[in-house]
Amino acid sequence: MGCLATRSPHRPVPIGLSVARVLSVEGSSVVLGGADIVDGSPILDIKPYLPFCDNVKGATAPSWVTVEAAEEPLKVAKVEISAEAAEAVHKCWTRKKDSRTTLYSSSDEYLELVKQVLSRDIRSLHKRLGLTRQLASYHVILDNIDITYNIDTDASEAAIVTVLDASVHTPSQKEQVGKQPQSQLATIPAAAADAIAANAPQSQPATIPAATVDATAAN
């Protein structure tokens, strides 16, 4: 499936998603409003509004888009959260609340987010089709909390998701690349830098193509 055709959180490119209202259609142009994007951002793709996943109060959708698709391949039968897992989630949420880094007002509100996300099978396609070895557990990071869960695909009607554990996500060394403070960067003594500059051949200043300048300025 193409990167512009999926609403999965496992997106292969950093392209944002936002729900927008169609204000008008003027010739070959579609005028949108209410989107959570910076004014002037390029629109790469437009999808139909899907009530079962976009969930905007008062929004309307075409008649061919139903609230619940008749044959929705990602739907799971239910999401189960054990008392132990709920307690682990509460402890993680409490830690984030104390550090003022959570987006949710209570652990119950956060658990509702977990249930909503896991109510669809968000595993990659090759995992859902059984083309690769199935794992004993899977992970999804929501509000910087690592949720561990497994999924029973042997159910008669639809899969059943069980939340097993939760822990506050710690960024890996790879995720921290580029976040080191300036003081930790390697430096060259001033005298050595002057000597290098004096002996370096003179060259023409580098130029940047106009298209690259425009793209850089846009970002």
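Partly exposed describes a residue between buried, under 20% relative accessible area, and exposed, over 50%. The legends below refer to a predicted model.

**View 1. Salt bridge between Lys-47 and Asp-45**. The closest N and O atoms of the pair are 3.4 Å apart. Asp-45 has a relative accessible area of 37%, so Asp-45 counts as partly exposed. Lys-47, at 25%, is partly exposed. A search of the whole structure finds 3 salt bridges.

**View 2. Salt bridge between Glu-80 and Lys-78**. Here the closest N and O atoms lie 3.1 Å apart. Glu-80 is partly exposed, with 33% relative accessibility. Lys-78 is partly exposed, with a relative accessible area of 41%.

**View 3. Salt bridge between Arg-123 and Asp-121**. The two side chains meet at 2.9 Å, N to O. Both Arg-123 and Asp-121 are buried.

**View 4. An open sheet of 4 strands**. The strand order is E3-E6-E5-E4, and the pairing is mixed. Strand E3 (78-81) and strand E4 (138-142) are the edge strands, each pairing on one side only. From one strand to the next, the twist averages 35 degrees.

**View 5. Antiparallel pairing of E4 and E5**. Strand E5 covers residues 145-152. 5 bridges join E5 to E4. Ile-141 stands opposite Asp-146 in E5.

**View 6. Helix H2 packed on the sheet**. Helix H2 spans residues 83-98. The helix touches E3, E5 and strand E6 (160-168). The direction of H2 makes about 35 degrees with that of E6.

Methods: Residues numbered from 1 in each chain as written. Predicted model: local features only at pLDDT ≥ 70, side-chain atom pairs only at ≥ 80, totals over all residues. Heavy atoms only, no water. Pairing = 2+ DSSP bridges. Helix = DSSP H or I, 4+ residues; strand = E, 2+ residues; numbered from the N terminus. Axes fitted to C-alpha atoms, helices over the stretch in contact; angles between N-to-C directions. Contact = heavy atoms within 4.5 Å. Salt bridge = Lys/Arg side-chain N within 4 Å of Asp/Glu carboxyl O. Buried < 20%, exposed > 50% of the residue type's maximum accessible area, 1.4 Å probe, protein only.
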